[in-house]
Structure formats: structure tokens, C-alpha cells
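Subject: Structure for your review

Dear colleague,

Please find below the structure that I am handing over to you. I would be grateful if you would read the notes that follow with the structure open beside them.

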Amino acid sequence: MRCSLQAVALWGKKAPPHSITAIMITDDQQTIVTGSQEGQLCLWNLSPELKISAKELLFGHSASVTCLAKARDFSKQPYVVSAAENGYVRCVQLCNHLYSLYLLKPINGVQNSGVE
């Protein structure tokens, strides 16, 4: 079963904490993806001058992100898979500033309560 979640986060002068626990860079070396202890995924722009600026903050997990990986042929199908300490795995499609989060089956041994 595939679920899609569209979420918007608003905050004041200070952004929420993002303690990085996992990191990867896209094949074109223009986007960095980080996962955090707080369960978020953050997309960062990387300029040719190696300057980094935040692009998007996605709320996808309720536990610390433990790993990130590119799925398939990234240039044709830009998917990033993330896993969290609670065993949940999400697949994020990165496409033209539109991001879709999909919840995949939990890792073996984790009870699926239907809510992460």
C-alpha cells in the first residue's frame, strides 16, 4: 500500500533543530540530502563554489534517521530511501521541487500499528 503525504511546516525566526545522522549527495552533485535525529529529511543546494543553502525540510519520520540511499537510476528516477530507528522506511521522490513521501513496509520484527 502506497501512502502519499503533503505537509507544510511554518516556523518563526528560528528553524527547528536538525541534528544530522545521515548524509548523501546526488549524482549531479547539486543536492545534498541529510537525515536527522529529529526524523526530518533536509534537502540542500550545493553550488559550484561549494556553498550550501537549505532548500526543503521534509517531516517524514517520528524517530531518528539511520541511513539514506539512492534508489534505482537516480538520473531517471530520483528516489531517496530513508530508514529510521523504529524500523520504518520511507521513499522520497525528488522531482521539480515537488516531493512525495511514501511509507514502505516496516523492517522485519517491527509491529505495524498503521501510525508512525
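The notes below cover the sheet, the nonpolar core, one arginine and the cysteines. Please bear in mind that this is a predicted model.

The sheet

Four strands make up an open sheet, arranged in the order S2-S3-S4-S5, with antiparallel pairing. Strand S2 (20–25) and strand S5 (52–59) are at the edges; each has a single partner strand, so one side of each has no neighbour in the sheet. From one strand to the next, the twist averages 25°.

S2 and S3 run antiparallel and are joined by 5 bridges. Within this pair, Ile-25 stands opposite Ile-32 in S3. The two strands form a hairpin with 5 residues between them, and Gln-29 in the turn has a positive phi of about 55°.

Strand S3 (residues 31–36) is also joined to strand S4 (residues 40–46), again by 5 bridges and in an antiparallel manner. Here Gly-35 has Leu-41 in S4 as its bridge partner.

The nonpolar core

The largest nonpolar core consists of 12 residues, including Ala-22, Met-24, Val-33, Leu-41, Leu-43, Val-65 and Phe-74. Two or more residues of this core come from each of S2, S4, strand S6 (65–71) and strand S8 (89–95). In soluble globular proteins, nonpolar side chains tend to be buried together.

Leaving aside residues up to four places away in sequence, Val-65 touches, among others, Ala-22, Gly-35, Leu-41 and Ser-82. Of these, Ala-22 and Leu-41 are also listed in the core, while Gly-35 and Leu-41 are the bridge partners described above.

Arg-90

A polar atom of the Arg-90 side chain lies 2.3 Å from the backbone oxygen of Gly-60.

The cysteines

How many disulfides does a search of the whole structure find? The search finds 0. Cys-67 counts as partly exposed, at 38% relative accessibility, whereas Cys-91 counts as buried, at 11%.

Yours sincerely

Key. Residues are numbered from 1 along each chain as its sequence is written. This is a predicted model: local features need pLDDT of at least 70, side-chain atom pairs count only at pLDDT 80 or more; totals for chains, interfaces and linings use all residues. Side-chain values use heavy atoms; hydrogens and water are left out. Two strands pair if DSSP finds at least two bridges between them. Axes are lines fitted to C-alpha atoms, for helices over the stretch in contact, and angles run from 0 to 180 degrees between N-to-C directions. A nonpolar core is a set of buried Ala, Val, Leu, Ile, Met, Phe, Trp, Tyr and Cys residues joined through side-chain atoms within 4.5 Å. Buried means under 20% relative accessible area, exposed over 50%, partly exposed in between (1.4 Å probe, protein chains only). Contact means heavy atoms within 4.5 Å. A polar contact is a pair of N or O atoms within 3.5 Å; within protein, one must be able to donate a hydrogen and the other to accept it, and residues adjacent in sequence count only if both atoms are side-chain atoms. A disulfide is a pair of cysteine sulfur atoms within 2.5 Å.
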